[in-house]
Structures are given as structure tokens and as C-alpha cells.
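Work through the exercises below with the model open. Try each task before reading its solution.

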Amino acid sequence: MKFYSKDIEFTPAMKEHVKSQFNRMSKLISTVTNTEDDNLSCTLKKDGDDFKVEFMVQGSQMLRAESSGRDFYETVDSVSAILAEQIRRYKESRIYAKRVNTNSLLEDLQMFEIPEVSKEKYDML
């Protein structure tokens, strides 16, 4: 995991809290990436009295969540909730995409050949 900061330094307690949030989401994160530390990053910025925290997960899909607030720990918790929701939506879309495979639908439709109707059979004249 990479830590970046601007106008403030990460304390060991802050790093531990961020790592614990990522560890809680490790099962979800593994669906997007192979959970190597190089693919996870946390950016912290101090803007006046507010903390701005950004999480990024890079894998087959890049996911990013950010939030700002006056309390660092609450902000990290809200960002992790946003990221968990994004990962859940990504995972559901991948499952849905596997269920609805357009190529297999086309192959299924080609199996059913429509028979030609003879005009002579229905010609009343």
C-alpha cells in the first residue's frame, strides 16, 4: 500500500487505521485486483480544518473514492464505505455480464431455423 500526503504527515496510528480498513475490505478488493500492495493507495490532503482522503484500487478496473470531513477517522470510514459500494457494483456487473453473453444468445437463435412456408399450400385462387 502506498501513502501520499500533502500539507500533513501520516502518523503511524493513521496508517494503521487505513490498513485496517483495507484489510476489512480485502475480500471485496480481491475481486477487482490481486491485492498486491502496489495496487492500493491512500492520499491525504489537509485543506484548512478539513481532511480530504482518497482511496484508489488499481486492477482490471480502477476504482477511486474520496471524501472530506473534519475528523480523519470518520472520513476514512466514509471513504471505505464508498469504495466498498463501488466494488460491490463492479462485482455485480461482472456477474451479470457473464450471465448475459450476447454471443451465446446469437448462437441459440441460429439453432432455430424458421421453415419456409409454401405459397401453394395457402393459395386459395
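**Exercise 1. A charged pair**

With which residue does R64 form a salt bridge whose closest N and O atoms are 2.3 Å apart?

Solution. The structure is a predicted model, and side-chain atom pairs count only at pLDDT 80 or more. The partner is E66, with the closest N and O atoms 2.3 Å apart. Salt bridges that share partners join K52, E54, R64 and E66 into one network.

**Exercise 2. Walk the network**

Find the salt bridges that link E66 to K52 and E54 to R64.

Solution. 

Step 1. Take E66 and K52. Their side chains meet in a salt bridge at 3.5 Å, N to O. E66 is in strand β4 (residues 63–69) and K52 is in strand β3, so this pair ties together parts that are 14 residues apart in sequence.

Step 2. Take E54 and R64. Here the side chains meet at 3.0 Å, N to O. E54 belongs to β3 and R64 to β4, so the pair ties together parts 10 residues apart in sequence.

Step 3. The structure holds six salt bridges. As background, side chains of opposite charge can pair when their charged atoms come close.

**Exercise 3. Buried or exposed?**

Classify E54, R64, E66 and K52 as buried, partly exposed or exposed.

Solution. Apply the cut-offs: buried is under 20% relative accessible area, exposed is over 50%.

- E54 has 17%, so E54 is buried.
- R64 has 38%, so R64 is partly exposed.
- E66 has 32%, so E66 is partly exposed.
- K52 has 32%, so K52 is partly exposed.

**Exercise 4. Strand pairing**

Solution. 

Step 1. Eight bridges join β2 to β3, and these strands run antiparallel.

Step 2. V53 stands opposite S67 in β4.

Step 3. Check how covered β3 is. Six of its eight residues are buried.

**Exercise 5. The turn**

Solution. G48 is in the loop between β2 (40–47) and β3 (50–57). The hairpin has two residues between its strands, and G48 takes a positive phi near 70 degrees. Its relative accessible area is 52%, so G48 counts as exposed. Now go to R70. G48 and R70 are 22 residues apart in sequence, yet their C-alpha atoms are 9.4 Å apart in space.

**Exercise 6. The core**

Solution. 

Step 1. Size the core. It has 22 residues, and those with the most contacts inside it are V18, F22, V53, F55, F72 and L83.

Step 2. List the contributors. The elements giving two or more residues are α1 (12–24), β2, β3, β4 and α3. The answer is α3, with six residues.

Step 3. Inspect V18. Leaving out residues up to four places away in sequence, V18 touches M1, F3, C42, F55, F72 and V76.

**Exercise 7. A helix contact**

Which residues does Q86 touch, not counting those up to four places away in sequence?

Solution. Q86 is found in helix α3 (residues 72–99). Q86 touches L63 and R64. A polar atom of the Q86 side chain lies 3.1 Å from the backbone oxygen of R64.

Definitions and conventions:
Residues are numbered from 1 along each chain as its sequence is written. Side-chain values use heavy atoms; hydrogens and water are left out. Helices (H or I, at least four residues) and strands (E, at least two) are DSSP runs, numbered from the N terminus. Buried means under 20% relative accessible area, exposed over 50%, partly exposed in between (1.4 Å probe, protein chains only). A polar contact is a pair of N or O atoms within 3.5 Å; within protein, one must be able to donate a hydrogen and the other to accept it, and residues adjacent in sequence count only if both atoms are side-chain atoms. Contact means heavy atoms within 4.5 Å. A salt bridge is a side-chain nitrogen of Lys or Arg within 4 Å of a carboxyl oxygen of Asp or Glu. A nonpolar core is a set of buried Ala, Val, Leu, Ile, Met, Phe, Trp, Tyr and Cys residues joined through side-chain atoms within 4.5 Å. Two strands pair if DSSP finds at least two bridges between them.
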